[in-house]
Amino acid sequence: MEDVIIIGGGIIGSLIARELSFYEISVLLLDKEEDIPMGSTKANSAIVHAGYDPLPGTLKAKTNVEGNRLYKDLCNELKVPFKRIGAYVLAFNDEELKILLELKERGKINGVSEIQLLKREEILKREPNINREVKYALFFPTSGITNPFLLTIHALENAIENGVQVKLGEEVIRIENNNIGYKVTTNKSKYYCKYIINCAGIYADKIIHLLDPDYPFAITPRKGEYLVLDKKAQNFVKSTIFHVPTQKGKGVLVTPTVDGNILLGPTAENIANKEDKSISMEGLSEIKEKVKKLTPNVPFTLVINIFSGIRASSTYKDFFVQEIPEFKNILHFAGIDSPGLTSAPSLAKMAVEWLMEKENIKRKRNIKNFEKIVAFKELTEEEKENLIKEDPRWGHIICRCEYVSEMEVRNAINSPLPARNLEAIKKRTRAGMGRCQGAFCSYHIMKILSDELEIPMNMITLRGGKSFLLNGENKVRWKYAKRS
């Protein structure tokens, strides 16, 4: 029997698992996917928001500002890139200026520091590619960017090193109360625990309804589509660029990423199917049209990828972080849409505080710090040479675009949270995320996966399940490529 079962391995669940791993309790994390993160954490704007947008007094406002303050130290501890690049919110007329002034006041109430109101000359001096018709902008220096999926993976790996158990590919299908706690049934097994923490993302409402089918809470999936520009465009803007927000969110934006790309989007479309991650011409056209309003000279010829993500919006106007009275000892983190990524470190600490109110849990004496797998391209020439002398596979570059070595791929496969498919390798190493989007390296990564996992090539998947990479005519093509 476990003390705590966490359902969901996105950024919230993984950071909670890490926080709880520092205490003398047993923790099990369950996720229905074959890798993490696979939901909203995997596909978002990767922005650590300053905190000017949420309504004062809400949990969103409180945890946004607190989470923002925690990010630098958190990313240092987990060896994840984080940059405070600042963000501009643009106004093109006097009506929009009124909204900026409201946001400025809201930001002050929320505790956001160093807010600056700028006029056109100063804005264009700082960001020459912003639309010259801009009249005013708010600048928030504390806004930043990070790598959400790497942060999630490293947090959960650190949790595993400190004793947390993780079971992937296990979907929770039933929760039953018993005399000592709860019986949690998945598609594969049964588990028992005293406490449950629901972090199931867009399926958090499903977990609630396993307990009470009539409970009045539902998540509306909101799809957002994105464009990614090649690193050739990395100096196009230095900070995140927003228009004034709307009822559906902060709107389409232009932002650098920590890896040197430029991200454009997202759209905001309420959909019925929680698995609908399709891309539409209408969505891409909307991004292009709205981005041109912000930065007219966007080099769309440098687009190297398009993708979509789904946000867990709900009719509840705030984050739903509650213990439903009829079901004691279950804490729900539901409807965690924007600024969920920013709020995650603060929300994780809330989970620990909740448990401490119920149990006298003691902090472990010996806590293992996270040790990063070596990123070859970040090393000095001398360090690279020394590694190659130890093992020549360090010098075998698998992904030329992102400069990823064979040993980095093998290390990812043999890490505490091991990569088992092509997308899992990509999230951990960036192999396949460069200009050619895996056209060169995918076959070589598949060979390494086949070697390390001792499975035939035709059993390797893109992202788990039945997403096999070698089917039909593709098998012939890959066989030919191998002979070549």
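**Salt bridges and a strand trio**

Q: How far apart are N and O where the side chains of D205 and K274 meet in a salt bridge?
A: The side chains of D205 and K274 form a salt bridge. That term needs a side-chain nitrogen of Lys or Arg within 4 Å of a carboxyl oxygen of Asp or Glu. From N to O, the D205–K274 separation is 2.8 Å.

Q: How many residues apart in sequence are the parts that D205 and K274 tie together?
A: D205 sits in helix α6 (residues 204–211), and K274 in the loop between β17 (269–270) and α7 (281–294). Helices (H or I, at least four residues) and strands (E, at least two) are DSSP runs, numbered from the N terminus. The pair therefore ties together parts whose separation in sequence is 69 residues.

Q: What kind of model is this?
A: Residues are numbered from 1 along each chain as its sequence is written, and side-chain values use heavy atoms, with hydrogens and water left out. Local features need pLDDT of at least 70, side-chain atom pairs count only at pLDDT 80 or more, totals for chains, interfaces and linings use all residues, and the model is predicted.

Q: Is D205 buried or exposed?
A: Buried means under 20% relative accessible area, exposed over 50%, and partly exposed in between (1.4 Å probe, protein chains only). D205 has 7% relative accessibility, so D205 counts as buried.

Q: Which backbone oxygen does the side chain of K274 reach?
A: K274 is buried, at 14% relative accessible area. A polar contact is a pair of N or O atoms within 3.5 Å; within protein, one must be able to donate a hydrogen and the other to accept it, and residues adjacent in sequence count only if both atoms are side-chain atoms. The K274 side chain makes one with the side chain of D205. At 2.6 Å, the K274 side chain also reaches the backbone oxygen of I202.

Q: Which residues does K274 touch, not counting those up to four places away in sequence?
A: Contact means heavy atoms within 4.5 Å. With residues up to four places away left out, K274 touches I202, Y203, D205, I219, P221 and I310.

Q: How many residues apart are the salt-bridge partners K231 and E402?
A: The closest N and O atoms of K231 and E402 are 2.9 Å apart. K231 is in the loop between β13 (219–229) and β14 (240–243), and E402 in the loop between β21 (397–399) and β22 (404–405). This pair links distant parts of the chain, with a separation of 171 residues.

Q: Which residues do salt bridges that share partners join into one network with K231?
A: K231 is partly exposed at 24% relative accessible area, while E402 is buried at 3%. Shared partners join K231 into one network with D259, K377, E402 and R430.

Q: Which helix holds both K98 and E95?
A: K98 and E95 form a salt bridge, with the closest N and O atoms 3.3 Å apart. K98 is partly exposed at 48% relative accessibility, and E95 is exposed at 51%. The two lie three residues apart, about one turn, in helix α3.

Q: How many salt bridges does the whole structure hold?
A: The pairs D205–K274, K231–E402 and K98–E95 are among them. The search of the whole structure gives a total of 30.

Q: Which residue in β12 is the bridge partner of Y182?
A: Strand β11 (residues 181–186) is mostly covered, with five of its six residues buried. Two strands pair if DSSP finds at least two bridges between them. Six bridges join β11 to antiparallel β10, and four join β11 to antiparallel β12. In β12, Y182 is bridged to C193.
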